[in-house]
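Please view the sequence and structure before reading on.

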Amino acid sequence: MINKNHSKILLVEGVEDLRIIPKLIEANGVPWVKAKQPVVFIDPCNGYDNLVNPDLIATWLQASGLLALGIIIDADENPEERWQSIRNASLNNIPDLPKSLPEEGLIHITAQGIRFGIWMMPDNKICGMLETFIAYMIPSTAEELWQFAQTVTREAQTKGAKFKAVHEDKAKIYSWLAWQNPPGRQLHQAIKQRILTPQNPDAQKFVTWFKKLYQLENESSH
């Protein structure tokens, strides 16, 4: 979905990212809506295979008035392969991308002066996904229960639990959320209601990347 009226764009894999990222950024002091418009327009692409389309990336990069284009993807089971995949999809339009994804996330200025960024969940290095990143925000006071949720989830696999191995991190975080008050909050609700801790240092690395990419460092809700 092309929104040519917005100068700051973020491409994500799915609607969960669309719900979570605004709440996380707001919880870190940046108002998401300004003059009745989101500070960043998020386009959920309905899966990685759709997002990694070179034509989609090219279309956005050529949009009139674009200042910044960000991409958030999951590393899943092979971070290096995933990075090479999204890099290759972008090379036709941005031939001078670095060969390796920086640990702090990619922010690259194109020849046209557009700020182009990539963040690979959870931390640009290890296997995992959005839910792996969300687990960084579990409060330290809940560590014992979090360890128990991980153990129970693994045991459930031996008792016929049907989730795929690649989705184990999803199962773990939702198990933990099932035991909170109130039980079973969605991820974005858990951030908004501070069941999770948005100021966690590991989560802050992503927030810092986001603010730098979209030049929101001076924005504040106070």
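Does Trp-119 count as buried or exposed? At 1% relative accessibility, Trp-119 counts as buried, where buried means under 20% relative accessible area, exposed over 50% and partly exposed in between (1.4 Å probe, protein chains only). The model is predicted: local features need pLDDT of at least 70, side-chain atom pairs count only at pLDDT 80 or more, and totals for chains, interfaces and linings use all residues. Residues are numbered from 1 along each chain as its sequence is written, and side-chain values use heavy atoms, with hydrogens and water left out.

**Aromatic pairs**

- The structure holds eleven aromatic pairs; rings of Phe, Tyr and Trp (its six-membered ring) pair if their centres lie within 6.5 Å, and planes under 30 degrees apart count as stacked, over 60 as edge-to-face and the rest as tilted.
- The ring centres of Trp-119 and Trp-209 are 5.8 Å apart and their planes are at 50°, so this pair is tilted.
- Trp-209 is also buried, at 1% relative accessibility.
- Phe-133 and Tyr-136 form an edge-to-face pair, because their planes are at 70°, with centres 5.9 Å apart.
- Phe-133 is buried, with a relative accessible area of 1%.
- Ring pairs link a cluster that includes Trp-32, Trp-119, Phe-206 and Trp-209.

**Nonpolar cores**

- The largest nonpolar core has 42 residues; such a core is a set of buried Ala, Val, Leu, Ile, Met, Phe, Trp, Tyr and Cys residues joined through side-chain atoms within 4.5 Å.
- Among the residues with the most contacts inside this core are Ile-21, Trp-176 and Phe-210.
- A second, separate core of 27 residues includes Leu-11, Ile-57, Trp-60 and Leu-97.
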